[in-house]
Amino acid sequence: MNNGNDKMSQPSKAAALIELYFQKGWTDGLPVVPPSNDSVDAMLAAADLRGSEVVGEIPTRNARITAEKVAINAVLAGCLPEYMPVVVAAVKGICHPDYGYHGPATSTGGAAVAIIVNGPIVKRLEINTRDNVLGPGFRPNATIGRAVRLLMMNAINTRPGKLDRSTLGNPGKYTLCFGEDEEKSPWEPLHVERGFRPEESTATVLATEGTIQIYNQLSSDPEELCITMADAMANLGSMNIIGQQDFLVVFAGEHQEIFSKNRWAKAQVKQCLFDHARRTIADIKRAGRMPGPIQKEDEISQRHVVHRPADIMVISAGARAGAFSVCLPGWGSHMATRSVTMLINDF
């Protein structure tokens, strides 16, 4: 609407601002929501933060992330103010020393930041946990993950061809955020497994290569499902076969029911995945992933995709129908980055 003092209408102003942000390089390639003082203040209020408060630091980049920077990028991403505590927790996660920001953010490997949300806030914010859980159509999932990526670009200069040296990247670098389906899960949720109370909410961040979907519609045996998943986990081109990074495995509805009916505890699932997700040293050398000639003992020596079963995160998410599940390989080596779970200050 024209206010009488300005020849340009409000929609025209917004369109012009969006184009300006494209020109300035402040977007991820998609249109953004131009922030205002009011919208940024609403974000800060929702997280009970002052703009000058430091949310996290990336010492290797000499970057201090203030709450105002987080709020601005949350607005740009299209977040509602009530999403802000989740965004803050995720930002704290990628700033945590264990996450090791510089490696996954700058590598040619092109890691995405996967954000898994747990606890009561999942239902309250209507974060998707089921149908099309890793896909589009749900505002909190899309905008929370996008806010983190925009912050990485705008506050830490993690941009393609600059700090971000990805050879290919992956679509999860736009956004990759979802909730665990705790209601239907046959196991304790991820945040409880990691020492938080069921009534607390958390955000877990993982540097991941992307997603590998698996399909097994015939088996009703939990070990066979694990073998199917383990084969995808142990592909010779994966970083994990060398780096032995954290691994995220997401079982959807039909596969969850099989584990539930057979009373397989999460620890049993992890052990079975660990046992089968491995390759011989000879196989790895034949693929050129390890140097040196193949020795006789290489034909029987095994390398697992993780150091120990506990390095495999097993969670429940996805539609109730369809014999599909998915794994998300970790990026790099276990020395470079680890998954981090942060408490969400839910006001």
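Predicted model: local features only at pLDDT ≥ 70, side-chain atom pairs only at ≥ 80, totals over all residues.

Reader: Which residues of α11 are called buried?

Author: In α11 (residues 253-261) they are Gly253, His255, Gln256, Ile258 and Phe259. Buried means under 20% relative accessible area, exposed over 50%, and partly exposed in between (1.4 Å probe, protein chains only).

Reader: What do the buried residues of α11 pack against?

Author: Their partners are β6 (212-215), α9 (222-233), β7 (247-251), α12 (266-276), β10 (312-316) and β11 (324-329). Contact means heavy atoms within 4.5 Å.

Reader: Why is strand β5 called largely enclosed?

Author: Seven of the seven residues of β5 (residues 202-208) are buried, so the rest of the structure largely encloses this strand. Thr202, Thr204, Leu206 and Thr208 point one way, Ala203, Val205 and Ala207 the other way, and all are buried.

Reader: What makes β3 and β5 a pair?

Author: Two strands pair if DSSP finds at least two bridges between them. Seven bridges join β3 (residues 112-118) to β5, and the two run antiparallel. So β3 and β5 meet the definition. One of the bridges sets alanine 112 against threonine 208 in β5.

Reader: How many bridges link β5 to β12?

Author: Four, in the antiparallel sense, with β12 covering residues 340-343. Threonine 204 stands opposite threonine 341 in β12.

Reader: Why is the pairing in the sheet called mixed?

Author: The open sheet has four strands in the order β4-β3-β5-β12, and its pairing is mixed. Strands of a sheet pair through backbone hydrogen bonds, either parallel or antiparallel. Here β3 and β4 run parallel, joined by three bridges, whereas β3 and β5 run antiparallel. Valine 117 has glycine 179 of β4 as its bridge partner.

Reader: What is the angle between helix α4 and β5?

Author: About 45 degrees; α4 (residues 84-95) packs on the sheet and touches β3, β5 and β12. Axes are lines fitted to C-alpha atoms, for helices over the stretch in contact, and angles run from 0 to 180 degrees between N-to-C directions. Helix α7 (residues 139-156) also packs on the sheet, touching β3 and β4, at about 135 degrees to β3.

Methods:
Residues numbered from 1 in each chain as written. Heavy atoms only, no water.
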